[in-house]
Structures are given as C-alpha cells and as structure tokens.
Amino acid sequence: MTPTLFGLLILERDPYVLADAAGLVQAWFQDAGGFAAIGLFVYILYALTIPSEQAESAKSRASVTTFMLVMAVVSLLLYVGYVVLLAGGKGVDVTNFRQTSTDGSFVKAVAPKFSLNLQPMALMLAGLAAVLGIGQPFAANVLKMRGRRIWALAKLGFKEASRAKLYWVFLLFLLPFLFPAKWYFLFKAENELRSTVSITAYAMNFVLLLPAVLLAAFSIPRDIRDQNIYTIVTKPVERFEIVFGRFLGYAGLLSVVLLLMTTVGWLYILTTGVSKEAEADTYKARVPVRGKMVFASRKADFQGTNVGREFDYRKYIAGDPSSPQRAVWSYPRVPNALIRDRDYVPCEFTFDIFRMTKGVENRGVDLTVRVTTRQAGQVPPVDQKDGTWRWADEARGQLYAKDAKDAVRKLRGLGPNDDVNAEAVFRYAEPPPPGQPPSKEWAALNELTEKYGFFEIAGKEIFDYHPESINIPVGLFKNAQQPGGDASLPAISIAIKCQTGGQMLGVAEGDLYLLEGQRLFAENYFKTSFGLWCRLCILVGIAIVLSTYLAGVIALLGAAVTFFCGYFGDHIADMATGNSSAGGPFRAVNSLLKAEQPTAQADPANSLAKLTDGGDLFFSWMVRRFINVVPDLDSYSWTGYLSEGFSVPLECLAMNLLTTVGYLLPWFVLSFYLMRSREVAA
Amino acid sequence: MAQDVIVETRNLTKTYRDFWGRKKKTALNALDLSINKGEIFGLLGPNGSGKTTTIKLLLGLLFPTTGDAFVFGESSANVEKNERIGYLPEESYLYRFLNAEETLDFYGRLFNIPSSVRRKRAAELIELVGLGNDKKRILREYSKGMRQRIGLAQALINDPDLIILDEPTSGLDPLGTAWMKELILDLRNKGKTVLMCSHRLDDVQDVCDRIAILFNGDLQEQGTVTKLVEDAQRMQITATGLALTDALKHDLDAVIKKHGGTLDGFGHPSTTLEKLFLRVVDESRARPGRRYLPPTEATPAAKS
C-alpha cells in the first residue's frame with residue numbers, strides 16, 4: 001500500500017466485517033485443514049512404524065486414537081473426491097483466502113465468500129476432518145490446562161522482562177515527542193495531525209515489535225539452555241501450558257506497554273493541541289457509509305482512464321460539460337441510521353485532479369453530483385455531443401422538472417408562467433442548524449427529493465486532494481426506502497461528473513462516502529491500537545512456537561521473516577499467482593544477464609525463455625504453499641483510518657480478533673506436538 | 001506391580017544418537033530396578049555412569065530408547081505422576097530473578113495449590129531450610145549452598161511422596177550436609193520415599209537403606225548398605241577398659257590361632273572426619289575461643 005502524500009484514506013481492500021466470517025471460516029478450514037491433513041497423515045504413519053518392543057512411553061507419546069484414524073480416513077476420502085471433481089471440472093469456485101477481485105471491482109482483494117459448490121465444500125470438509133483428527137490430542141491437552149499454572153508461567157515471563165529492565169527500551173518511544181518532527185520538516189497545517197499520528201504509529205511498531213520478537217524467540221531456548229525448564233516439566237505441567245503461559249506473559253506485558261504508549265500519544269495530542277485546519281480535516285472519527293464504485297459512460301465497458309501515474313490506485317474520468325463519463329457509487333440498501341433524527345445526510349469526497357491544461361489560476365474544477373434512487377433511474381446520453389445523463393423514465397423526469405419549477409414559483413410567490421431556474425435556487429438551499437426549523441427552500445427541496453428520489457448539485461468546486469462535502473436532503477433516503485422503481489437498480493446511486501474541460505478527475509472507491517455520524521477522536525485513537533495488539537500477538541506467537549524446536553537465533557530469524565513477509569502480502573500474492581509484471585526470479589535473472597528491460601516481453605519460441613518460465617511456474621507453486629503461512633498484516637492496519645479521521649468499526653476489530661485466533665491456532669497445535677516430542681534434557 | 005513399589009524400571013535403556021541417527025553412546029543399559037515405599041535409595045557411580053540419566057528418564061526429561069520406567073505404577077511419560085514427586089536437580093536451576101518467597105509461590109502454583117495453602121507451606125519451608133532472613137533477596141545474590149536449600153524447599157512444596165535428589169549435598173558446607181542428611185532421614189521417617197544420587201559415599205552410607213552402583217551405564221551392585229559394605233572375610237573386635245600391652249597381644253594371637261585365624265593387627269578405632277568436624281564445631285559453639293595451639297607454641301621446651 002503506497003502512502004498518500006496529501007491525506008485521504010486509501011482503501012485498496014475492504015476491511016473484514018462480520019458478514020465475511022462464514023467465508024473466512026470456510027477458507028480457514030481449506031488452508032489450515034491442508035496443513036492439518038499433512039500433519040495427521042505423517043503422525044499416523046510415524047505412530048504405526050513404532051516397533052512393538054519400543055518403550056511404553058514412546059507409544060503413549062505417539063498414541064493414535066480411533067477417532068484420529070476415522071478422521072484421517074474421512075479426510076482422505078474427501079480429498080480424493082475433491083481431486084475427482086477437479087479432474088472432472090465439476091463444482092468449481094474454489095474460495096481462496098487472498099482472492100483477487102473480479103475485473104471492474106475497485107478493491108484489489110476481497111474477502112472470501114462462503115460457497116456451497118462441491119469443490120470448495122469438499123476441500124472444507126476434508127480440512128475440517130483433518131483439523132478434528134490432529135486437534136483431538138491437542139484439545140484433550142487443553143482440557144487439562146489449569147488457570148493457576150498458566151498464570152504462574154505468564155507472570156514469570158512478565159517478571160523476567162521487568163526485572164531485566166526492559167522498560168528502558170520502551171522509553172525510546174518518547175523520543176518522537178521530545179524531538180517533534182515539525183522541528184525538522186515543514187508540514188501543511190492541515191497535515192499536522194496526520195504526521196503526528198503516522199510518526200507515533202511507526203515509533204510504536206518499532207519499539208514494540210522488536211523487543212517482542214527478541215523476548216519471545218529466546219525465552220524457551222534460554223530455559224532449556226539454563227535448565228530452568230527441568231524444574232517446570234518435572235511438575236504436573238502440560239507441555240502446551242509452558243508455550244501458552246509464555247505467550248500470555250509476553251503478550252500481557254506488551255499489552256500494558258502498548259496501552260501506556262497509546263495513552264502517552266493521545267495525551268500528547270490533547271495537551272499540544274492541533275491546528276484549526278487539521279482539526280477540521282482529521283481531528284474527528286467519521287462514521288462513513290461506503291458504497292461500491294463503478295465507472296459508467298456511453299460505452300458499457302468503460303473502466304476509467306489510466307493517466308500513466310505509477311501509483312495506479314485511482315482511475316480517471318474526463319472533465320468536460322459534454323463528457324458522458326461518470327464515477328458512480330451505489331448503495332444496495334439504505335441504513336436506517338441515515339434517516340433517523342436528521343434533516344440531511346452529508347456526502348464527503350476527496351478527489352485527485354490530473355490537469356491536462358493549466359486551467360484557471362486559483363480555481364479548482366467543477367463537479368456535478370447527482371444522487372438518485374431506484375425511482376429516478378438514469379441512462380447515458382445517446383448523442384455524441386451530449387454529456388447529460390437522462391431519466392430512464394423520461395415522463396417522470398419531465399414531471400420532476402415541472403414540480404421543481406412549481407415549487408420555486410411557490411417559494412418566490414410567482415405565477416405559473418414565470419420562468420425560474422430551480423437548480424440555481426436549490427443549489428444554495430442550506431440545511432437547518434441542529435434544533436432549528438428548516439428554511440422554506442430546504443423544506444421544499446426535501447419534499448421534492450422525497451417524492452422523486454432525485455437530487456443534484458452542479459458547479460461544486462473542488463481542489464486537489466482537499467475534502468469537500470455536500471448535504472443531501474433526508475427525503476431522498478426516505479424515497480429510497482419506499483417500494484417502487486426499477487428493482488434492478490441500487491437503492492441509492494451517486495454519480496460524479498467533472499464539468500471542467502481539459503481536466504481529469506481521479507477517483508477511487510474510498511474517495512466518497514455518506515457520513516452517518518461522528519465518534520470521539522480519543523475513542524478512535526485507542527481502537528486503532530487494537531490492530532497493533534493483534535500484530536504483537538501474532539509475532540509473539542510465531543516466535544514462541546518456533547522456539548519450542550529451534551535455537552533462539554533461528555527462531556528469531558524464522559519469526560521475523562514470516563512476520564515481515566506479511567507487510568509484503570500483495571507482492572507475495574502477485575508472485576504466487578504469477579501476476580508480477582516482471583515475472584519471477586528465473587526470468588529476472590535471465591533479463592539481468594541479457595541486459596533486457598524487466599518488463600520486456602519474452603520470446604515464447606526461445607527455449608531459454610521457456611525454461612525460465614517453467615522455473616518461475618515452480619517458484620509460484622512454492623510461494624502459494626508459503627503464502628498461507630504469512631500473516632495478513634494489512635488487515636490489522638488502522639493508522640490510515642485514524643490519521644484521516646475515520647472511525648474504526650467495532651465489527652472490524654472483532655474480525656481482527658477472529659483472524660488472529662484463526663492464524664495462531666494452527667501454530668499452537670504445532671507447538672503442542674513439537675513440545676511433546678522434545679526431550680528437554682537431551 | 002507390588003503395592004509398595006514406588007519406582008520400577010524394566011530393561012531401561014538410553015542410547016544417545018547423533019544427527020544422522022548413528023549410535024553415539026549408551027548412557028544406560030537395560031536397568032532393572034525397584035524402589036519400595038518408605039526407603040532411601042541411593043544411586044552410586046562415577047561421572048558418566050548413568051545416575052542422572054536414570055533420574056531424568058524417571059522424570060520424563062528424557063525418553064527411553066527401549067524399556068520402561070514406572071513411577072507410582074504409571075509410565076514416566078505421564079505428567080500426572082509429577083503431582084506426587086519432588087525433584088531437586090544437581091544444580092539449583094531456579095529462576096535467579098525471583099526471591100525465595102516468589103520462587104516457592106511460583107512452583108506452588110504449578111502444583112495448582114490454593115493460595116492460602118501455598119503461602120502457609122512456603123513460609124514453613126523457608127523456615128525449615130533456614131532462609132527466613134533472606135527470603136526477600138533474589139536468588140542471584142544467594143550462595144551455592146543457599147540456592148541448594150531453596151532448591152530443596154521447592155522440591156518439598158507439594159508435600160511429595162517421592163523425593164528425587166540429585167547430588168543433594170552439593171555446595172553445602174559440613175553443617176549443611178549434616179542438616180540435609182538429617183532432613184532426608186526425617187522424610188523417610190514420615191513415610192516418604194527418597195531416591196538420591198551422590199558422589200559422596202559417606203553421605204550415601206549414612207542415610208541410604210539400599211543402594212545401586214552403576215558403572216558405564218550398567219548396574220554393578222544392588223542391595224542394602226549394611227550388607228554390601230560388610231567384609232565377611234574379616235572380623236572386628238571392639239573392647240573398652242583395656243591397655244594395649246604385649247601380654248594382651250600375645251594372648252589374643254594365641255586365641256585366634258587356636259581357632260584357625262590369623263591376627264592382622266591391633267589399633268584404636270577411628271571416627272569419621274565428618275564426625276570429628278561436627279564435634280569440634282559443637283564444642284566451639286559451647287565454648288568460644290581459640291583451642292588449637294601449634295606444637296611449637298604448646299611445647300616451648302621442646303624447641304630448645
């Protein structure tokens with residue numbers, strides 16, 4: 001994810017919400033189940049090869065229950081069924097965790113959807129059976145765990161770190177506050193809070209993650225080296241309790257530090273204050289209602305224009321009064337919260353302007369924002385020179401125009417034949433302040449939108465990357481809830497047109513939203529830390545699990561590589577799917593040796609090119625196996641939300657917790673088997 | 001398995017292998033052993049004989065290559081058996097950043113002992129091992145002997161039925177050694193079973209009911225201490241109230257020859273060095289002050 005220079009939340013992917021839970025669980029059983037199946041089959045094969053004269057203790061350590069055997073057989077049969085379906089091409093639609101979006105969709109990755117098709121179901125059930133099989137001894141062990149023992153081990157880790165005076169390291173976090181960045185860099189006033197939040201987030205990541213991995217990777221190896229572990233495993237302590245206790249201890253310690261750091265960061269902002277510009281832009285926690293965006297024009301396949309910018313997050317629509325190109329946000333339904341106790345719903349947007357001509361000095365570009373419901377469906381113009389979209393039901397459109405004029409005449413006390421410009425009158429209608437009755441213009445406009453489901457603001461001037469808003473009468477949303485209209489249309493559509501000629505308007509799905517309300521910045525500040533907390537838990541978990549079998553340094557490297565690969569999830573996904581524009585490593589070496597451009601097309605007839613492509617294919621296959629082990633760290637990043645003034649939804653944090661548990665659970669099962677098979681005194 | 005057998009090994013073997021699975025060393029070879037309830041059992045042997053390996057196998061710190069080890073009738077792999085075991089390792093491998101109270105509290109929690117019982121028992125044990133004045137000091141500041149004492153306290157925190165002591169007198173001064181031996185005997189008197197291994201033969205001889213001698217992983221001897229140390233080929237006569245005169249020697253020689261024996265020699269029975277040390281310390285405590293005078297000072301006349 002490329003950081004923006006001027007603010008505005010970049011949403012290349014939608015955060016997970018509760019509605020994604022079923023799809024994620026299915027994907028989890030498919031992925032984790034695959035690893036579980038390999039583990040289960042290897043374990044059973046190992047157990048079956050133990051000679052009968054072997055020690056009883058050896059047999060008990062590798063005991064195979066009937067349940068495990070049954071689950072292994074069920075899993076195997078389902079995998080065979082899956083292969084048959086795959087070969088026969090039946091029941092396709094495999095749900096992948098890092099599913100790439102469909103063409104035309106703006107976000108690059110979407111949450112997996114629960115699928116009832118045969119292939120994904122077979123994969124899921126096979127995985128489920130394998131998870132149950134390999135998880136049975138683990139679950140039995142978990143039932144034997146006792147809170148008092150786990151707490152003792154957790155407290156030990158806590159005391160160990162505090163008595164080693166680890167807190168001195170955490171005091172490094174205060175440096176950015178002692179030497180504020182604004183002493184060294186010039187920020188625009190509106191970016192002050194963004195910079196503070198970003199720098200604080202970087203500092204917290206650095207100061208917390210580094211000690212976390214160091215603490216966790218060396219704890220169990222050090223216990224084994226110093227033989228402290230002798231005095232623990234000779235007590236009635238389950239081996240997994242040692243792992244879990246250590247995990248809780250370090251996670252608890254780091255949680256306390258994280259809470260303190262978050263509080264310090266918040267107090268800094270509270271006590272030093274923010275500029276008025278920053279306060280207006282970002283010192284808030286907006287609750288947006290986001291829609292799906294598509295491009296629309298006379299041509300049905302219009303996908304927006306690429307203006308050649310390296311950062312291809314946004315696509316562009318041409319600006320001109322005669323341009324039929326639109327960026328259209330659609331909302332399939334209207335949340336009730338948008339209608340309750342309000343006169344209007346703010347619609348906020350921030351766009352990029354790509355200037356083909358110099359334009360007018362000190363002038364932005366003008367937009368037309370048209371908001372419609374199902375009852376006011378719009379169609380693109382047919383005439384090549386016409387850029388105005390029309391009502392699908394022309395008679396209704398004419399009725400609207402007539403009623404609008406009549407409403408204005410009534411407001412102005414004019415006669416039925418007097419000519420009026422309804423658009424100009426309603427353009428300047430302002431919603432009432434809270435608790436005040438609405439103006440006559442606003443009341444008329446509201447009535448009109450409620451009746452027809454149509455609202456338009458023309459000539460709205462915007463500047464490059466500067467947040468702007470319009471107020472939509474609540475009547476329009478009431479109209480959207482009424483029956484009638486074209487059921488195939490979304491409940492609400494917001495179409496943006498750029499009116500200024502010679503300018504291109506850059507838009508992305510996250511650039512426009514309806515504002516449901518606002519929450520407290522302080523609340524948002526603390527919620528943002530939850531994502532970092534999840535990351536900490538993941539890093540501590542991986543490091544501790546690896547350290548149950550590997551030496552401290554190797555565990556440290558393994559955990560660090562696995563974790564930090566998560567920051568390059570998109571790139572790894574590209575490598576796994578073969579979508580990397582420069583090919584894989586084999587082609588890259590070939591290009592390097594032949595001094596070719598990385599993006600040069602390989603000659604398909606060249607045997608060396610064939611060979612490198614084959615190598616890259618194998619590499620992609622390898623990366624696909626590895627990708628499921630890499631944590632999806634992007635999904636835990638909320639700093640952008642905070643720095644841009646957007647509220648972090650609670651359900652997204654709940655999903656963070658769910659995915660963290662889902663990610664750590666297979667690691668913990670692995671640690672259980674590793675610890676059980678380890679001779680701590682060898 | 002008989003009711004009163006607490007520890008039993010059957011053909012217990014441990015072979016260490018290298019990375020490639022090749023045999024490196026057989027640390028313990030087909031050990032058959034049984035330890036009964038209420039006895040003090042000593043494992044003897046030189047370094048590398050397999051004593052500590054046996055203990056580690058019993059505790060589940062190592063896994064047997066072949067054979068089995070049972071404690072309280074359960075496999076050594078069973079974690080639940082540890083509820084009734086107290087273990088003092090050779091070195092006191094405790095967490096040195098904890099103080100004595102915290103150490104006992106930590107290990108008490110591992111036994112899932114409720115808070116009130118844990119606190120009471122910890123206080124009693126700290127007094128028992130004589131660390132009442134040092135209970136707030138972290139273990140890093142302790143001497144080796146003090147660490148051995150707190151190590152013993154942690155081994156007793158669960159009031160175990162079987163106490164396994166690996167070199168229990170290691171690092172202790174003679175007073176501490178005597179105290180430890182008394183404590184071991186006291187534990188036996190309370191019905192506990194003790195398995196200990198030591199290099200200090202006098203310690204073993206003083207407290208153990210039965211011993212096993214290992215050498216190079218093989219069991220060489222096993223039996224009661226009195227039986228094993230008895231020299232059946234020779235006889236000792238001890239008498240008091242007699243002066244060792246030539247006439248007495250002549251008469252005794254005649255009697256022994258008459259019965260077909262040979263007189264090897266005469267002398268005064270000696271005490272052990274430990275008993276001498278303890279006597280000197282006790283007397284010094286009773287009457288402080290210097291007692292020893294070098295021969296030159298004691299007999300100035302002899303100089304001239």
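These notebook entries record what I looked up in a predicted model with chains A and B.

**Entry 1. The contact between the chains**

I began with the residues at which the two chains touch. Chain A contributes 33 residues and chain B contributes 32 residues. On the chain A side, I noted that α2 (56-61), α5 (147-163) and α9 (230-233) each supply at least two residues. The most comes from α5(A), which gives eight residues. I then sorted the chain A side by class and recorded 13 nonpolar, seven polar and 13 charged residues.

**Entry 2. The three-stranded sheet of chain A**

I next traced an open sheet of three strands in chain A, with the order β3-β13-β6 and antiparallel pairing. Its edges are β3 (315-319) and β6 (352-355); each has a single partner strand, so one side of each is left without a neighbour in the sheet.

I followed one pairing at the level of residues. Four bridges join β6(A) to β13(A) (residues 503-507) in the antiparallel sense. Here A:D352 has A:G506 of β13(A) as its bridge partner.

**Entry 3. The five-stranded sheet of chain A**

A further open sheet in chain A has five strands in the order β2-β4-β12-β7-β10, again with antiparallel pairing. I identified β2 (292-296) and β10 (454-462) as the edge strands, each of which pairs on one side only. Neighbouring strands in this sheet are turned by 20 degrees against each other on average, direction ignored.

The bridge partner of A:V294 in β4(A) is A:V328. I also noted helix α15(A) (residues 474-481), which lies across β7 (365-373), β10 and β12 (492-498) of chain A and runs at about 40 degrees to β7(A).

**Entry 4. Packing of α8 and α17 in chain A**

I turned to a helix pair. Helix α8(A) (residues 192-225) packs against α17(A) (residues 552-565) at an angle of about 145 degrees, and their axes are 8 Å apart. The crossing is right-handed. From α8(A), I listed A:V213, A:L214, A:A217, A:F218, A:P221 and A:R222; they meet A:G552, A:A555, A:L556, A:A559 and A:A560 of α17(A). By class, the residues of this contact are nine nonpolar, one polar and one charged.

**Entry 5. Helix α18 of chain A**

Which residues of α18(A) (residues 569-577) are buried? I found A:G569, A:A573, A:M575 and A:A576. These residues lie on the same side of α18(A), because they cover an arc of only 160 degrees around the axis. I noted that α20(A) (607-627) is included in what covers them. After α18(A) comes A:G578, which has a positive phi, near 70 degrees.

Lastly, I examined strand pairing in chain B. Strands β3(B) (residues 40-44) and β9(B) (residues 210-215) pair in the parallel sense over four bridges. In that pairing, B:L44 has B:I213 of β9(B) as its bridge partner.

Strand β9(B) is also joined by six bridges to β10(B) (residues 218-224), and these two strands run antiparallel. I found B:F215 opposite B:D218 of β10(B). The hairpin formed by β9(B) and β10(B) has two residues between the strands, and B:N216 in the turn has a positive phi of about 55 degrees.

Notes
Residues are numbered from 1 along each chain as its sequence is written. Chains are lettered from A and ligands numbered from 1 in the order in which they are written. This is a predicted model: local features need pLDDT of at least 70, side-chain atom pairs count only at pLDDT 80 or more; totals for chains, interfaces and linings use all residues. Two residues are in contact if their C-beta atoms, placed from the backbone, lie within 7 Å. Ala, Val, Leu, Ile, Met, Phe, Trp, Tyr, Cys and Pro count as nonpolar, Asp, Glu, Lys and Arg as charged, and the others, Gly among them, as polar. Two strands pair if DSSP finds at least two bridges between them. Axes are lines fitted to C-alpha atoms, for helices over the stretch in contact, and angles run from 0 to 180 degrees between N-to-C directions. A crossing is left-handed if the near helix is turned anticlockwise from the far one by less than a right angle, and right-handed if clockwise. A residue is buried if 20 or more other C-beta atoms lie within 10 Å of its own, exposed if 12 or fewer, and partly exposed in between; C-beta atoms are placed from the backbone. The arc is that of the directions from the helix axis to the C-beta atoms.
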